[in-house]
Amino acid sequence: MNFKKIKDAANVHYMPVFSRDEISIERGEGNCVYDSFGNKYVDFVAGIATNILGYGHKEYTEAVCEQVKKLMHISNHYYSSVQSRYINKLCEASGFPRVFLCNSGAEANECAIKLARRYFKNTHGKNMTILTSEGAFHGRTLATLTATGNAAQHEVYSPLPDGFASFKYNDLEDFQSKLTDDVGAVFMETIQGECGVRPFDNDFLVGAYALCKSKGVLFIVDEVQTGMGRTGKLFSFEHFGIKPDVITLAKAIAGGIPMGACLASEEVGTAFKLGDHGSTFGGNALACAAANKVLEILLDGELLERSAAVGEYLGNKLAHFRKYNFIKDVRGKGLMRGIQLCDKVAASEFERQLRERGFLVNVAGNNTIRLVPPLTITTEEIDGLVAALDDICASTCVMC
Ligand SMILES: Cc1ncc(COP(=O)(O)O)c(C=O)c1O
């Protein structure tokens, strides 16, 4: 199929929800992908923080192929060793004793919201408010959209479920004032990925957590984008010395095979009653085999440690870009970084120019270039991107 036909089919038949870049990606190898013309790109998008092992990772590919041959899917009405092996490993690695497996970030978050509501009913006999942050992104189902700070979308898709309220980003005073007695849970990311890789300050996070603990309010962290080693630790909450009651995972959890997870403490994770929640595909054999291998490679294969060091390297390299007056901010942790440009320069134009030079990046909120490569990215590949970006910056003349 030539590029025009590929593009026409998607534009004619796919519901018009995505704005797509002018390339069709056909295959991947290592940390690179290749388009329909055979052009190679070093991938700093990784399916948006998903393909943490890059492409064609030997052990991962073998584990997935083996499982395809053996058993792809079985109903959750039955036990299966591949699922049990995985949940043992995930619960042990995370320190959360309870888990529900699903297929995406939105589903993991729906599960967390339902779980919190069931917990409120069990403990308080009523529904309680879930407090979320301005600028948050938690997904596109009705409940997760409600938890997402996007007023325009709220308007279109109303009526939305009630029982949500929001606090101002990074504003502890505002947070405290919103933490009224009807609030039962706080639900937040530690770094707002879709909002332009916007991290919360340590003081805010630690302070918000302490306030929640002092009032018996559940602390739920959305680790869909930040989890699985992305920030240099297995989960981003570990940077803050806190222990949430519930976390959610997806994206990288199975290295590119659709999967999500909601993990909880024993007290919260046993709130659901039989039949309260479920999923046909959630935690199926193929996804569990893939996720098991991802976790094994991350923890036993030293990828986590290595990616933390490479993430630091990337952060140090990017810090130099502050010298350009049109770079407004450089932020992030580990292999999750954002470069915010001033409004006179379009991040999408930088994205296009980097693509022309053989690097894929994408634009997140607030005119920010987002870098979320595979955790297997090398320092040489980072150097290549940095040189290309420097070249583009040097030929950009704007006063901001
Ligand atoms: C923090 C966060 N939560 C939830 C989601 C939704 O995940 P999914 O697209 O798998 O439903 C995303 C997706 O970008 C995300 O970044």
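Two strands are taken as paired if DSSP finds at least two bridges between them. Helices (H or I, at least four residues) and strands (E, at least two) are DSSP runs, numbered from the N terminus. The structure is a predicted model, in which local features need pLDDT of at least 70 and side-chain atom pairs count only at pLDDT 80 or more, while totals for chains, interfaces and linings use all residues. Residues are numbered from 1 along each chain as its sequence is written.

An open sheet is formed by four strands in the order β13-β14-β17-β16, with antiparallel pairing.

Arginine 331 lies opposite glycine 338 in β14. Two residues separate the strands in the hairpin of β13 and β14, where glycine 334 adopts a positive phi near 55 degrees. At the other pairing described here, β16 and strand β17 (residues 368-371) run antiparallel and are joined by three bridges. In this pair, alanine 364 stands opposite threonine 368 in β17. Helix α12 (residues 303-319) packs on the sheet and touches β13, β14 and β17, its direction making about 15 degrees with that of β14. Residues are in contact if their C-beta atoms, placed from the backbone, lie within 7 Å.

A helix pair was also examined. The axes of helix α13 (residues 347-356) and helix α14 (residues 379-394) come within 10 Å and cross at roughly 125 degrees. That angle makes α13 oblique to α14 (under 35 degrees counts as roughly parallel, over 145 as roughly antiparallel, 65 to 115 as roughly perpendicular and the rest as oblique). In α13, Phe350, Gln353 and Leu354 meet Ala388, Leu389 and Ile392 of α14. By class, this contact has five nonpolar, one polar and no charged residues; Ala, Val, Leu, Ile, Met, Phe, Trp, Tyr, Cys and Pro count as nonpolar, Asp, Glu, Lys and Arg as charged, and the others, Gly among them, as polar.

The ligand is surrounded by 14 residues, of which the closest are Ser104, Gly105, Ala106, Val224 and Gln225 (a residue is near a molecule if its C-beta atom, placed from the backbone, lies within 6 Å of it). Helix α5 (residues 105-124) gives the most to this shell, with three residues. The shell divides into four nonpolar, seven polar and three charged residues.

Key: Axes are lines fitted to C-alpha atoms, for helices over the stretch in contact, and angles run from 0 to 180 degrees between N-to-C directions. Two residues are in contact if their C-beta atoms, placed from the backbone, lie within 7 Å.
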